[in-house]
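Biologist: Please bring up the model, and then we can go through it question by question.

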Amino acid sequence: MKKKQIKDLIISFIAALVIYGLIMFLMSAGVVDYYWSGILIMACINVILATSLNLASGYLGQLTLGHAGFMSVGAYTSALCSLYLHLPFLLSLLIGAIAACLIGILIGIPTLRLKGDYLCIITLAFNEIIRVIMLNLSITNGAKGLMGFQAMNIDFSVYFISAVITIYVIYCVVKSRHGRAIISICEDETASELSGIPTSYYKILAFAISAFFAGVAGGLYAQYMGMLVPSTFDYNKSVEILVMVVLGGLGNLKGSIIAAIVMTILPEYLRAFADYRMLLYAVVLIAAMIIKEKNLGPRIKSKFFKNKTVEVDD
Amino acid sequence: MSLLKAEGLGIQFGGLKAVDEFNFEMNQNQLYGLIGPNGAGKTTVFNLLTGVYKPTSGQIIFNGKSLLKMTPTQITQLGIARTFQNIRLFKKMSVIDNVKVGLHHSQNYSLLSSILHLPSYFKGEEAMHEMAMSLLRVFDLEKYADVKAGNLPYGKQRKLEIARALATSPKLLLLDEPAAGMNPIETEELMETIKIVREKFSIAILLIEHDMKLVMGICEKIAVLNFGTVLAFGTPDEIKNNPDVIAAYLGNEE
């Protein structure tokens, strides 16, 4: 078991390294231009957002719509740290992430008693509260936007490595006894409690880790954009992240990664139909729900791939 | 000292007294049954003992500690584990992971050590795996270790639920209708399993059951519950011949 786990990890790291090498090569060869490297950076940021939300929504099973709020806390905190305290980039990124994590815990403690739609709405409200606060604080420069905090020496590697670290940490969390506790809460909270799992603690833990990485994504986003306006982190951004998670599959890490990348790159190709983009999202989401609800997945799979299904006989 | 002692335990839902003046005592390694007509409050008693419901009156002492102010999680950690009338497994998790959730507190490696893959993580996981497998072996489930729990046949799901409850290393195991929906052969098998569990883990077991053959066959003493109060308490033979019990089940000859 130990060997297999280590082998899997090494393979994944080599795969990540190959992808990294390939992108760096293409960048230096000039195949990937400035425009595309920007899209790749956004893809990395979205991967962080989607995988971290997957921990809270997929594995823990709490549908939250406040991820953009945590992202904005991370973004503004790290931007302010580098603007006023002149801290180095990585340190301010870390402070931003910790700030997002603390806000996550603060919001998590009262709200995680709620379930389903109620939690969804209350996290949505928190998202709006954070946005309005950012809009009205003088230190964040309100709607005019915050500028001038960019560090110059940050390139694609930082974004890529951050994404890899996020995926790795979430993977490790899920594969530990803590992760099993988190998944068991999603499956059946009462049974989990009566199996001795301190459910409140693990709910808040998952929420905090999720918020922490949203903060990382926010800090990276601030660094990449060089300008922050509160309206970026509105309800639509939260929905967008949630759509990535749902499309990739709740509780499916690989799915989240792929969905995040596809949903960053695809809109670029669909610029001609920009007006219909949101329409397409909706259609894709509905299709995904129908396939899941009617359990068409296995049937579609067996039609295209001849795979063996595991049957248990008594 | 008794392992479990309930004194004047009661709970009221609005005007309904679901359980009233419930007095009960159990010692280590005893096997007791709790029976009664439908709606007598048997499962409610289990919910009170495990902290799912908070009693409106009375006292529960387990191993010398009062359970009144404790959460279900704390009560489980103290040593009361249970199964459910309608099976509540973690259906999408594998069979072995279900047991490992129960084993959660058997290991205490930290989240950081699992992120850094420190030796303590591997040691903890290895130990957990061994413990889970040996538990599954008791229930003949080891070959299903990697199957999703929801895909198991009904009888095996029941067994897995008992295995998961045992994983929390309880001193008292509460089984809520373990034979419900089982055919006679499966019930027979279950009786054997319960006996094995009791001997192997030397724990006390309290079970709710409607299958009289099972209850009369393995329980040392039986408490009969009717309208939330203990109607009778005694050995299977005493209960069988108790006129009050017969009246409660079949009605009076009036």
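Modeller: Domain bounds here come from an automatic or database domain assignment. This is a predicted model, with ipTM 0.89 and pTM 0.89.

Biologist: Into which domains is chain A divided, and what separates their centres?
Modeller: Chain A is divided into domain 1, residues 1-32, and domain 2, residues 41-269. Taken over C-alpha atoms, the separation between the centres of domain 1 of chain A and domain 2 of chain A is 24 Å.

Biologist: Over which residues of chain A is the pLDDT below 50?
Modeller: Chain A averages a pLDDT of 87, and 93% of its residues score at least 70. One stretch has a pLDDT below 50, and beyond near neighbours in sequence that stretch has eight contacts in the model. Where pLDDT is low, the predicted coordinates should not be read in detail. The stretch in chain A is residues 307-314.

Biologist: What is the mean pLDDT of chain B?
Modeller: In chain B, 99% of the residues reach 70 or more. The mean pLDDT of chain B is 90.

Biologist: Which element gives the largest share of the side of chain A that touches chain B?
Modeller: The contact takes 26 residues from chain A and 34 residues from chain B. On the side of chain A, the elements that give two or more residues are α6 (156-174), α7 (177-187) and α8 (189-193). By class, that side has 11 nonpolar, eight polar and seven charged residues. The largest share, seven residues, comes from α7(A).

Biologist: Is A:F213 buried or exposed?
Modeller: A:F213 sits in helix α9 of chain A. Not counting residues up to four places away in sequence, A:F213 touches A:I48, A:S52 and A:T166. The cut-off for burial is 20 or more C-beta atoms within 10 Å, and A:F213 has 29 such neighbours, so it counts as buried.

Biologist: How does the radius of gyration of chain B compare with the globule rule?
Modeller: Chain B has 10 helices and 10 strands. For 254 residues the globule rule gives 18 Å, and the radius of gyration of chain B is close to that, so chain B is as compact as a globular protein of that length. The value for chain B is 19 Å.

Biologist: What share of the residues of chain B count as buried?
Modeller: Along its principal axes the C-alpha trace of chain B spans about 75 × 40 × 35 Å. Of the contacts in chain B with a separation of 6 or more, 67% are between residues 24 or more positions apart. Of the 254 residues of chain B, the buried share is 44%.

Biologist: In which loop does B:F227 lie?
Modeller: Phi of B:F227 is near 50°, a positive value in a residue other than glycine. B:F227 has 15 C-beta neighbours inside 10 Å, so it counts as partly exposed. The loop that holds B:F227 is the one between β9 (221-226) and β10 (229-234) of chain B.

Definitions and conventions: Residues numbered from 1 in each chain as written. Chains lettered and ligands numbered in written order. Predicted model: local features only at pLDDT ≥ 70, side-chain atom pairs only at ≥ 80, totals over all residues. pLDDT = per-residue confidence, 0-100. Contact = placed C-beta atoms within 7 Å. Helix = DSSP H or I, 4+ residues; strand = E, 2+ residues; numbered from the N terminus. Nonpolar A, V, L, I, M, F, W, Y, C, P; charged D, E, K, R; others polar. Rg over C-alpha atoms; globule rule 2.2 N^0.38 Å. Buried ≥ 20, exposed ≤ 12 C-beta atoms within 10 Å, placed from the backbone.
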